[in-house]
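Dear colleague,

I am handing over the structure below, followed by an account of what was found in it. Please read the notes with the model open beside you.

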Amino acid sequence: MNHKSRIVIVGGGTAGWLSAAKLAKELAANQPNGVQVTLLESSDIPTVGVGEGTWPTMRKTLASIGIDEAEFIKETDASFKQATQFVNWKSDPIRTNNTYYHLFSSVSDSAQFNLAPYWLLGDKHTSYAQAVSAQDILCDKGLAPKLITNKPYEGIQNYAYHLDAGKFATLLKRHCIEKLGVKHLIGNVVQVNTDEEGAIASLVTDTQGMLAADLYVDCTGFKSLLLGQALGVKFNSIADTLFVDNAIAIQMPYENDEADIASATLSTAQQAGWIWDIGLQSRRGTGHVYSSEFISHDEAEHTLRQYLGPKATDLPAKHIKMNCGYREKFWHKNCVAIGLSAAFVEPLEASAIFLIEASANMVAELFPINKALMQASAQTFNDSFSYRWRKTIDFIKLHYVLSNRSAPFWQANKRPESIPSSLSEMLNQWQHRPISKYDFAHVFEPFPQESYQYVLYGMGYHPDLAMSQSRYANLDTAENLFGQVSQMRSNFEKHLTTNRALLNKVKKYGFQKL
């Protein structure tokens, strides 16, 4: 690459603009010797636009590309997310104690000192989440994870965001163009030219002529125009593992401007899937994820409207066909796919935006300075993301496998042939011992040990440790940490304000400056 290196991103939305921001920032697109980053966005192809949940990694991502937290909150209708609350996942709703949290904070890093065995050996008068974290009280009472006096992106508890995906893409677009040196073009790809080696030589567009680059980033959604259609990289369906294939989304207004804003994503199990309920500043984002094999589209929409109540009767619903699976490769020749064009695993646990962040970070880090290095970068990227997607599928499937709900959809999810062997092997081990940090040896594990513990123990999957009780002799340390949780819970209730109150202050005053 003797000329100025060039990247062309095809497709906007969260995937396109977040990738553009990370690549432009890390590769100095606004500097004379930097990499030129161009994003081609269609004026007539809508984005899916319903991904409203993020992971705590988003804070670091936003800070790294230079977006102020207060600006982000104002512009994207964002609120604070501190957990996912699972309702009626363990069993049919006639049972009691059928709710648990997957929290973002714990009093102790499980890889340093794991409290799980001590909780398992105790009387378990509190849930696992209540024993190892005080964050559940913030979620129960709709409290914020920080104060107005905290610095941007710093919190008293770990947190992520709920956001409006369309407004987020608009903010990223403006920031990319005005601050990061991204060149924005409007148009559609009408032809993809390949060279004698099968790589992309150029793109022919309807309004911008021909575009050529050293690396092409496919953010064209499920269509996968470049990697899938032009380069022929096959798509591996996971319909035999994860059965949901459709979603219906409805935006639900609050009853008034000062209504409480939930601190957790609410996931409520249904007959043939589950309903998400996400609190933003101005509305709730809700949706029903379901399997069309076990429920009709009309029944699924009725289920969501029934959940929302009479005020949802006339609200418009958006129907989304989901194509769950992943490409055999994510980076082939000189084209890398990010977002839905690469893979999609259902929205449970909100992995989609995180994996966009991770993809863009890795492409920026591995961006080849010459053509000879392209294949090595692609191989490293493919190895990493094949692992990440497989582990993400395992973790999502885990929620279904552990359920004791009786409906046919849930029973089908427990069929052995539908469960990845890697997950079956770990569940077999975890019947007889606690989860260990050595089960998560890969540096790029998408879900850490603590996430698995929140889900397994929240769902009631408890190993029998009677024969190995003598291994856990640090009782004083454990009791001290359990005591800290109780003290933190009391302090949080005294000093933290509600999500709504803090968000109102942030929009007016911002956070304390650095």
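What is the order of the strands in the open sheet of 6 strands? The order is 7-2-1-11-20-19, and the pairing in this sheet is mixed. Strand 7 (183-186) and strand 19 (331-332) are at its edges and have a single partner strand each, so one side of each is left without a neighbour in the sheet. Helices and strands here are DSSP runs numbered from the N terminus, with at least four residues (H or I) for a helix and at least two (E) for a strand, and two strands are said to pair if DSSP finds at least two bridges between them.

Before going further, please keep in mind that this is a predicted model, in which local features need pLDDT of at least 70 and side-chain atom pairs count only at pLDDT 80 or more, while totals for chains, interfaces and linings use all residues. Residues are numbered from 1 along each chain as its sequence is written, and side-chain values use heavy atoms, with hydrogens and water left out.

The chain as a whole

The chain contains 16 helices and 21 strands. Its radius of gyration is 23 Å, close to the 24 Å that the globule rule gives for 514 residues, so the chain is as compact as a globular protein of that length; the radius is taken over C-alpha atoms, and the rule is 2.2 Å times the number of residues to the power 0.38. Along the principal axes, the C-alpha atoms fill a box of roughly 70 × 55 × 50 Å.

Of the 514 residues, 58% are buried, where buried means under 20% relative accessible area, exposed means over 50%, and partly exposed lies in between (1.4 Å probe, protein chains only). The accessible surface of the chain comes to about 21,800 Å², and 50% of this belongs to carbon and sulfur atoms; the areas come from the Shrake-Rupley method with a 1.4 Å probe. Among contacts (heavy atoms within 4.5 Å) between residues at least 6 apart in sequence, 76% join residues at least 24 apart.

The two sheets

Strand 1 pairs with strand 2 (residues 36-41) in the parallel sense over 5 bridges, and Val10 stands opposite Leu40 in strand 2. Elsewhere in this sheet, strand 19 and strand 20 (residues 335-337) run antiparallel and are joined by 2 bridges, with Trp331 opposite Val336 in strand 20.

There is also an open sheet of 3 strands, which has the order 8-9-10 and antiparallel pairing; strand 8 and strand 10 are its edge strands, each pairing on one side only. Strand 8 (residues 189-194) and strand 9 (residues 200-205) pair over 5 bridges, and Gln191 stands opposite Val204 in strand 9. These two strands form a hairpin with 5 residues between them, in the turn of which Gly198 has a positive phi of about 90°. Strand 9 also pairs with strand 10 (residues 210-211), over 2 bridges, and here Leu203 stands opposite Leu211 while Val204 stands opposite Met210. The hairpin of strand 9 and strand 10 has 4 residues between the strands, and Gly209 takes a positive phi near 70° in it.

Individual residues

Val455 is found in helix 14 (residues 449-458) and is buried, with a relative accessible area of 0%. Leaving aside residues up to four places away in sequence, Val455 touches Tyr100, His102, Glu349, Phe395, Leu398, His399 and Leu402.

Asn413 lies in the loop between helix 12 (408-412) and helix 13 (421-430), and is buried, with a relative accessible area of 1%. With the exclusion of residues up to four places away in sequence, the residues that Asn413 touches include Thr241, Phe243 and Lys397.

Most residues other than glycine have a negative phi, and two residues may be worth a look with that in mind. Asn88, in the loop between strand 4 (83-87) and strand 5 (99-103), has a positive phi near 65° and is buried, with a relative accessible area of 17%. Lys124, in the loop between helix 4 (116-121) and helix 5 (128-132), has a positive phi near 50° and is partly exposed, with a relative accessible area of 32%.
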